Amino acid sequence: HSSQSNQVTSMKFASFPRRAVLLCTLLMAAGVHAQQDTANWPNRPIRIVLAGSSGAGGDIFARLVATPLQKILNQPVVVEPKPGANGIIAADMVAKAPADGYTLLFAPSSTILINPMMHSKLPYNTEKDLTPIVQVGAAGILLVANPSMGFKNLADMVAYAKANPGKLAYGSWGNGSSGHLAMEGIKAKYGLVMPHVPYKTLSTEVMDIIGNNIGVGFADIASPVPHIREGRLTALGTTGSRRWPATQNVARLTEQGFKFDADGWYGIFAPAGTPQVIIDRLNAEISRLQQTEEVRSKIEGQNMSVPASQTAKQFAESIKADAALWQGLASTVDLKDK
């Protein structure tokens, strides 16, 4: 019996090295395959999931980047709009996508910064499941009104809302959007009663203001500009740290007494775990693109400024700083009941 036991034990130990060698071989092969995949990236189309609707500011800026980027990468770069829930639908899709560099998120700052403040149970963890790549553009948002309201600035809107409590509704592109948060801050400062009408898409909101179905609302910095120029909308003010290229004659809200200097932006993100070499290449290529005269002029033509070049790590750090600014405003209002 002792002899049989020793024989079995010997067989077990004899087989262990072979199993270990096989496992190591498989792991090495997987590692080589992963390195080859990264080295060959991209070798098929890249999808940019847009947290927004077709024709709105995000769509405009996503395509400003995607069109020249596909020439550099020699692969199609397809923008796929996924509107709704202030970007939660799009962000969730990308957070759960393979971390291989072929599915990216293009989102406004409100999707990244405000949604975690608004929703305690997001279907993903913004900080853990999404990796920042690069910032695209920098700007505020526009407060606009239907011309029939007769408003010329923030003071006009405040005076009307005070004289007519509950009668002036305002629009935004969803609960938790930067437009929602900014107007709730204005309401808190001036003691206004203004119902909030959240829209699924920004373009629908803008068209409803033009159609006088709703009197005022915050919109992105780009898509309302043609309507302002043609008299279909009146710009009452902008948020942000400066006046913006295409609306130099529109005073900032800070200049009008409501101080809020945080700039909005668009950002490109990847699923967590995406190889760093892919993150770094995308950051470098898109940062360089934004500094070219062709792309810079197009971004500024759409009423945004081009941000200073940052590494992906620096962009991630700036997101944390911006979150503190928005948290400061959010602390003055109770958004979850709005």
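Ala312 is buried, its relative accessible area being 7%. In this predicted model, the residue belongs to helix α13 (residues 312-330). Its contacts, leaving aside residues up to four places away in sequence, are Pro132, Ile133, Ile279 and Asn283. Asn283 is 29 residues from Ala312 in sequence, yet the C-alpha to C-alpha separation of the two is 6.3 Å.

## Strand β10

All eight of the eight residues of strand β10 (residues 264-271) are buried, so the strand is largely enclosed by the rest of the structure.

Strand β3 (residues 103-108) pairs with β10 in the antiparallel sense through four bridges, and Leu105 has Phe269 as its bridge partner in β10. Strand β4 (residues 130-139) also pairs with β10 in the antiparallel sense, over seven bridges; here Gln135 stands opposite Gly267.

Two cavities of 30 Å³ or more are found in the whole structure. The largest cavity holds about 400 Å³ of space and has a lining of 36 residues, with Pro108, Trp173, Leu202, Asp220 and Tyr266 nearest its centre. Two or more lining residues come from each of α2 (57-73), α4 (109-113) and β10. By class, this lining of the largest cavity comprises 17 nonpolar, 14 polar and five charged residues.

The second largest cavity has a volume of about 50 Å³. Its lining includes Val134, Gln135, Ser287 and Gln310. Both β4 and α11 (276-291) supply at least two residues to the lining of the second largest cavity, and α11 gives the most, with three residues. The lining of the second largest cavity has three nonpolar, six polar and no charged residues.

Methods
Residues numbered from 1 in each chain as written. Predicted model: local features only at pLDDT ≥ 70, side-chain atom pairs only at ≥ 80, totals over all residues. Heavy atoms only, no water. Buried < 20%, exposed > 50% of the residue type's maximum accessible area, 1.4 Å probe, protein only. Pairing = 2+ DSSP bridges. Contact = heavy atoms within 4.5 Å. 1 Å grid on protein atoms, 1.4 Å probe; cavity = no way out; pocket = protein on both sides within 12 Å on 5 of 7 lines; lining within 4 Å. Points joined across faces, edges and corners; volume = space filled by probe spheres on them. Nonpolar A, V, L, I, M, F, W, Y, C, P; charged D, E, K, R; others polar.
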